[in-house]
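The entry is shown first.

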Amino acid sequence: MVNGWDPPIACSRTGTAHRRRGTPCQDSTAAATLHSSDGLPVQVMAVADGHGSRQHPLSAVGSRLACEAALLAVGRELGGRALAGSATPEGRACWLRWLAGELPAALHADWLAAIRRDWVERCAAGAAGATEPAEDFSALPYGSTLGLVVMTPLWWGCTGLGDWDLVRVDSSGTAQLVSEEVLEPGGGGDRTCSLCQQEAPTLCAGRGRLHPLPPQSGGGSFALVLCTDGIRKGCATDADFLALSAWLAEGTLAGEELAGALDRISAEGSGDDVSVAMATFRPGAAADLPLNRPTPSVVALSGRRPGRTWAVGAAVAALAALAAGVLALRHRPPPGDPAVHRLVQDLCRRTPQEIAGTLSSRRRQFEDLRRGRSSAVALRSAARQDPLGALIAASFAPSGPTMGERPVADGSLCPALREALRRQWRQLDPPPSPPPPSR
Amino acid sequence: MPFPAVRLASRPLHFLYLCDCSGSMAARGKMQALNQAIRESLPGMVDVARRNPEARLLVRAVSFADSAAWHIASPTPVEELVWRDLQAGGVTAMGEALELVAAALRSPPMEERALPPVLVLISDGQPTDDVDRGLRSLLAEPWGQKAVRLAIAMGHDADLEVLQQFIGPGTAAGPDRSPRRPLQAGNATSLARYIQWASTAVVGAASMPASRVAPAPSSEESIPLPDLPPTVMDPTDDVGPLVW
């Protein structure tokens with residue numbers, strides 16, 4: 001948990017109609033923990049929905065690049081701004097202008113540059129979708145919506161364009177639609193605004209919002225549920241949509257369970273691709289943070305492959321590499337890496353049997369470390385791609401027969417996890433020599 | 001964690017016939033051909049609905065002669081639809097029919113999450129009432145604008161200009177049998193094929209959830225229409241027992 005906000009969870013699923021027709025998922029999601037220039041952590045989550053029609057044959061790529069551009073633009077912009085001043089109305093007004101104007105312009109420019117690079121590469125490779133010469137680049141084939149939520153210790157805000165929805169669920173489970181696209185009265189059908197429109201940054205202004213957070217002593221917890229239109233259109237009424245959002249926001253769904261729920265929403269509803277990104281704010285949970293935390297870490301970025309869910313290691317690595325040139329990342333190996341932190345929290349919520357099973361699936365890593373076939377340093381350096389491997393490496397003490405006492409994740413291991421790690425290492429220790437027979 | 005008790009539902013796809021039942025439709029078997037074509041298209045529509053379960057296909061029909069009235073007033077699931085024959089007699093109150101449909105496309109009763117409706121206007125003659133007013137009423141409704149609007153002219157006496165206004169701007173470059181122009185059915189065979197195409201291929205296309213950029217230029221199709229069947233004959237050919 002970082003400064004009152006749980007790290008966001010994000011998931012995209014290919015719609016049943018698309019699966020039946022063999023078309024790829026047009027949705028993308030992304031979530032990240034970034035930092036302002038004064039070192040305060042900021043959670044960011046994004047969803048994007050490619051249009052998918054004949055005029056937009058590369059919209060699956062467009063939505064993925066939209067999420068990437070959003071994280072990059074937010075990270076870059078935050079790196080040059082201090083959050084401390086946003087405790088005042090004037091400060092918040094400045095950040096609202098950023099959400100409604102400066103940020104959309106920046107991410108739109110980043111997105112256009114990214115899709116242009118993709119277009120040039122496709123033309124050079126003669127890839128599918130690029131039927132025109134490279135000089136005939138157009139944003140139209142990549143058309144996508146984009147919804148973005150930025151969550152700081154002092155406020156949260158949203159921006160973007162298109163038919164995504166944002167729901168706020170309070171601690172009593174009451175859900176409220178706080179942001180939706182309104183094109184015209186009497187129904188929008190399937191029309192939506194798009195990043196491929198020249199005026200996209202201006203269109204984002206209408207969705208830019210900033211909400212101050214209560215002081216730590218006041219206010220209750222709440223969750224934000226950001227989703228693409230496939231979820232709302234799959235519900236019979238808006239009341240059903242809000243109830244569904246409240247259920248998703250309960251925070252107990254993750255991984256395959258969340259993916260299964262989204263699959264059901266698509267199958268029994270609109271058949272469209274479905275995506276959701278969620279985060280929970282808990283007042284009073286803020287910790288005293290050092291002001292010079294340097295390292296953004298990308299939590300999850302969904303890929304474009306049909307049926308793919310979330311936390312794609314390769315995409316995370318690619319995004320981190322892409323961000324490095326802009327953000328001048330300084331990698332901080334574990335212990336203390338946020339990815340390992342989150343893994344430890346997740347494992348410690350499970351039963352001892354589940355923890356043991358998880359570690360047993362990595363038996364080979366324990367063996368390779370013990371036998372010198374792999375490097376603990378290398379595993380720990382790759383914490384973002386393989387946080388479990390980094391945790392195992394952090395528990396390895398090459399000079400001793402048992403698990404090292406090196407603290408992992410600031411000593412936040414629960415007893416069950418600590419014991420399970422020790423048991424794995426004990427199984428690799430040579431058996432004690434039998435005592436010599438007595439004479 | 002058990003799934004909550006929320007209602008998930010497929011999206012409604014409203015399909016509306018607007019049928020000319022004027023006295024001229026009684027001549028040369030046109031009314032019988034129209035009834036038969038619609039009745040014979042129903043199994044195909046049921047099949048399309050089954051293959052696109054995310055869209056709930058609901059059929060209605062308006063008849064217009066001296067006045068316009070609902071022939072099938074309630075949006076009827078295509079699986080439950082039993083076609084009752086239309087009868088010919090009277091003049092051609094097409095404008096009133098368009099106003100009737102316009103009222104049905106308001107929200108409510110149109111659902112916010114509905115798919116763009118499909119409207120098929122079938123006529124053999126000239127409107128006898130204020131059709132411009134009816135067109136204005138229809139196109140003033142957002143769902144009227146978003147609807148896939150097709151028109152079938154039976155015979156050579158239909159007012160093609162009015163039918164084109166109903167469809168919307170036609171393609172400047174394209175064959176005369178572009179779906180964006182009135183389809184001219186010169187006999188029962190071609191009528192049946194056009195009805196079959198409108199009720200299956202077009203409905204199938206309309207069932208696919210794909211978003212489009214807004215605001216759209218007026219020439220942009222709300223749904224990319226599938227190609228017309230290649231075996232449709234030119235209306236001037238003598239095909240079939242009766243030529244209109």
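The points below take the chains in turn and then two local features.

1. The coordinates are a predicted model.

2. Chain A, make-up. Chain A has 439 residues, and 55% of them are buried. Its secondary structure consists of 14 helices and 12 strands.

3. Chain A, contacts and surface. Taking contacts in chain A between residues at least 6 apart in sequence, 73% link residues at least 24 apart.

4. Helix α13 of chain A. The buried residues in α13(A) are Pro387(A), Leu388(A), Gly389(A), Ala390(A), Leu391(A), Ile392(A), Ala393(A) and Ala394(A). Which elements cover them? The cover includes α9 (338-348), α10 (352-360), α11 (363-370), α12 (376-381) and α14 (415-428) of chain A.

5. Chain B, make-up. Chain B contains 6 helices and 7 strands. Read from the N terminus, the order of its elements is β-α-β-β-α-β-α-α-β-α-β-α-β. Of the 244 residues in chain B, 57% are buried.

6. Chain B, contacts and surface. For contacts in chain B between residues at least 6 apart in sequence, the share joining residues at least 24 apart is 76%. Chain B exposes about 9,800 Å², and carbon and sulfur atoms account for 52% of that area.

7. Helices α1 and α6 of chain B, geometry. Two packed helices are described by the angle between their axes and the distance between the axes. Here α1 (residues 30-51) and α6 (residues 188-206) of chain B pack at about 30°, and their axes are 9 Å apart. Angles under 35 degrees count as roughly parallel, and α1(B) and α6(B) are therefore roughly parallel to each other. The crossing of α1(B) and α6(B) is right-handed.

8. Helices α1 and α6 of chain B, contact residues. On the α1(B) side, the contact is made by Ala33(B), Leu34(B), Ala37(B), Ile38(B), Glu40(B), Ser41(B), Gly44(B), Met45(B) and Val48(B). They meet Ala188(B), Leu191(B), Ala192(B), Ile195(B), Gln196(B), Ser199(B), Thr200(B), Val203(B) and Gly204(B) in α6(B). Sorted by class, the contact of α1(B) with α6(B) comprises 11 nonpolar, 6 polar and 1 charged residues.

Note on methods. Residues are numbered from 1 along each chain as its sequence is written. Chains are lettered from A and ligands numbered from 1 in the order in which they are written. This is a predicted model: local features need pLDDT of at least 70, side-chain atom pairs count only at pLDDT 80 or more; totals for chains, interfaces and linings use all residues. Side-chain values use heavy atoms; hydrogens and water are left out. Helices (H or I, at least four residues) and strands (E, at least two) are DSSP runs, numbered from the N terminus. Buried means under 20% relative accessible area, exposed over 50%, partly exposed in between (1.4 Å probe, protein chains only). Contact means heavy atoms within 4.5 Å. Axes are lines fitted to C-alpha atoms, for helices over the stretch in contact, and angles run from 0 to 180 degrees between N-to-C directions. Angles under 35 degrees count as roughly parallel, over 145 as roughly antiparallel, 65 to 115 as roughly perpendicular and the rest as oblique. A crossing is left-handed if the near helix is turned anticlockwise from the far one by less than a right angle, and right-handed if clockwise. Ala, Val, Leu, Ile, Met, Phe, Trp, Tyr, Cys and Pro count as nonpolar, Asp, Glu, Lys and Arg as charged, and the others, Gly among them, as polar. Accessible areas come from the Shrake-Rupley method with a 1.4 Å probe; for residues, only the protein chains shown count as cover.
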